[in-house]
Amino acid sequence: MNTIALNVNRRAVEALAEPRTSLADFVRDKLDLTGTHLSCEHGVCGACTVLLDGVPARSCITYAVACEGADITTIEGLDEDEVTVELRAAFTREHALQCGYCTPGMLVSARDLVLRLPDADERRIRVGLSGNLCRCTGYVGIVRAVQSVIEARRASSIAPQAGGGRTSLGPAGSGRAVPDRNEQPVPPEWQGFVPASDGIAPVVIPDFAPATVLEQRFTLPHVPAKVFAMFDDIAGIAACLPGVSLTAPVSPERVEGAIRVRLGPIAAAFEGAARVERDPATLSGRIVGIGADQRSHSATQGEIRYRLVPIDDGTATAVELSIGYTLTGMLAQIGRPGLVRDLARRLVADFAGNLDRHMSGATPREAAPELSGWSIVSDILRARVARFFGRGGEPG
């Protein structure tokens, strides 16, 4: 949970939110502002549109934690707004709504057009409202309503506002956020990290607070000292991980490399660096890394903590893993928690098998050139179907 502070409808609000909580869910569930409607939840229909620092924004695809310090205005906050009052009257007069589900988002977007457009040009109004879908009216009444308000205001010598009141470039709200109090700041050299053409990664690899943490455990039929020594062989460990390759010589504390991932049509190659920490006294260690994929515009920070526990009178080892990560960009949109847990279990199982074969001197399997999410998902689905029919078809 993250504590976020922001202003909603001119009222200071401070509340807890999960990192993945959308702004729409936040205002609806935490603040009971249900005038913000949810429909597609993919940023397509516009029903969830609110004002973020005065700019229309899709609240279903905006993370609440990204709005730290911002001013949010929902449809409830526009009850006494002059332009919105005029638009409501025009919508009623022009029969611009039927079921009304799209209307809150439509009014927010229409208000922005009334403020910005110099005249009531039908084409520009239709283009401006193209991100708000209505399945009832056919848009004719909506366009007429917006036209009538623009015409009346310009006839009253109310000039358009350049940019609709926007004071800075960039995504809505980008100029207002303050550093997240729940996380350590990322050094400037890692912000918007893109691997340099010469392959040299930034020197500093920061600590961070993972958005998601997964706990995993597996056993190896080898003594703890041998397993701990193996974990010091970075090249050997990389060879046991599908899709992983090293891009620079390994130092005792630092490694640079890449991991290739494919999930359906989305392929990504995260390039970056990690620092390695080890504690022989406790047979434990930590790997902290950061990287980015230019193609999908995704970035990630990751942390793996491991601890080796002797079992079977010291003849075998239990490897306890804590895997934490934060993912942003396109790939973050498909990283559902349940799927990620299943993927993590499968990946750890593959890693454990490869590690055991490597340590036993067996012929290692050929390393996969990339980590294929769909092949793992299909295996997971087959396993779940098998478990379902193994219980006689009774839901668990």
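Biologist: What share of the contacts in the chain with a separation of 6 or more comes from residues 24 or more positions apart?
Modeller: Such residues account for 61% of those contacts, where contact means heavy atoms within 4.5 Å. This is a predicted model, in which local features need pLDDT of at least 70 and side-chain atom pairs count only at pLDDT 80 or more, while totals for chains, interfaces and linings use all residues. Residues are numbered from 1 along each chain as its sequence is written, and side-chain values use heavy atoms, with hydrogens and water left out.

Biologist: How many helices and strands does the chain have?
Modeller: There are 9 helices and 13 strands. Both are DSSP runs numbered from the N terminus, helices being H or I of at least four residues and strands E of at least two.

Biologist: And what percentage of the residues is buried?
Modeller: Of the 396 residues in the chain, 44% are buried. Buried means under 20% relative accessible area, exposed over 50%, and partly exposed in between, with a 1.4 Å probe and protein chains only.

Biologist: Turning to the sheet, in what order do the 5 strands come?
Modeller: The order is β2-β1-β5-β3-β4, in an open sheet with mixed pairing; two strands pair if DSSP finds at least two bridges between them. At the edges are β2 (11–17) and β4 (55–58), each of which pairs on one side only. From one strand to the next, the twist averages 40°.

Biologist: Do β3 and β5 run parallel or antiparallel?
Modeller: Strands β3 (residues 49–52) and β5 (residues 71–73) run antiparallel and are joined by 2 bridges. Within β3 and β5, L51 stands opposite T73.

Biologist: Which strands does helix α1 touch?
Modeller: Helix α1 (residues 23–30) packs on the sheet and touches β1 (2–8), β2, β3 and β5. Its direction makes about 105° with that of β2; axes are lines fitted to C-alpha atoms, for helices over the stretch in contact, and angles run from 0 to 180 degrees between N-to-C directions. Helix α3 (residues 103–116) also packs on the sheet, touching β3 and β4, with its direction at about 45° to that of β3.

Biologist: What does V146 touch?
Modeller: Leaving aside residues up to four places away in sequence, V146 touches L87, F91, A110, V114, I125 and L129.

Biologist: How many aromatic pairs does the structure hold?
Modeller: It holds 2. Rings of Phe, Tyr and Trp (its six-membered ring) pair if their centres lie within 6.5 Å; planes under 30 degrees apart count as stacked, over 60 as edge-to-face and the rest as tilted. The F218 and F351 rings have centres 6.1 Å apart and planes at 90°, so this pair is edge-to-face.

Biologist: What about F231 and Y306?
Modeller: That aromatic pair is tilted, with 4.6 Å centre to centre and 40° between the planes. F231 in helix α6 (residues 224–231) and Y306 in strand β11 (residues 298–311) are 75 residues apart, and both are buried.
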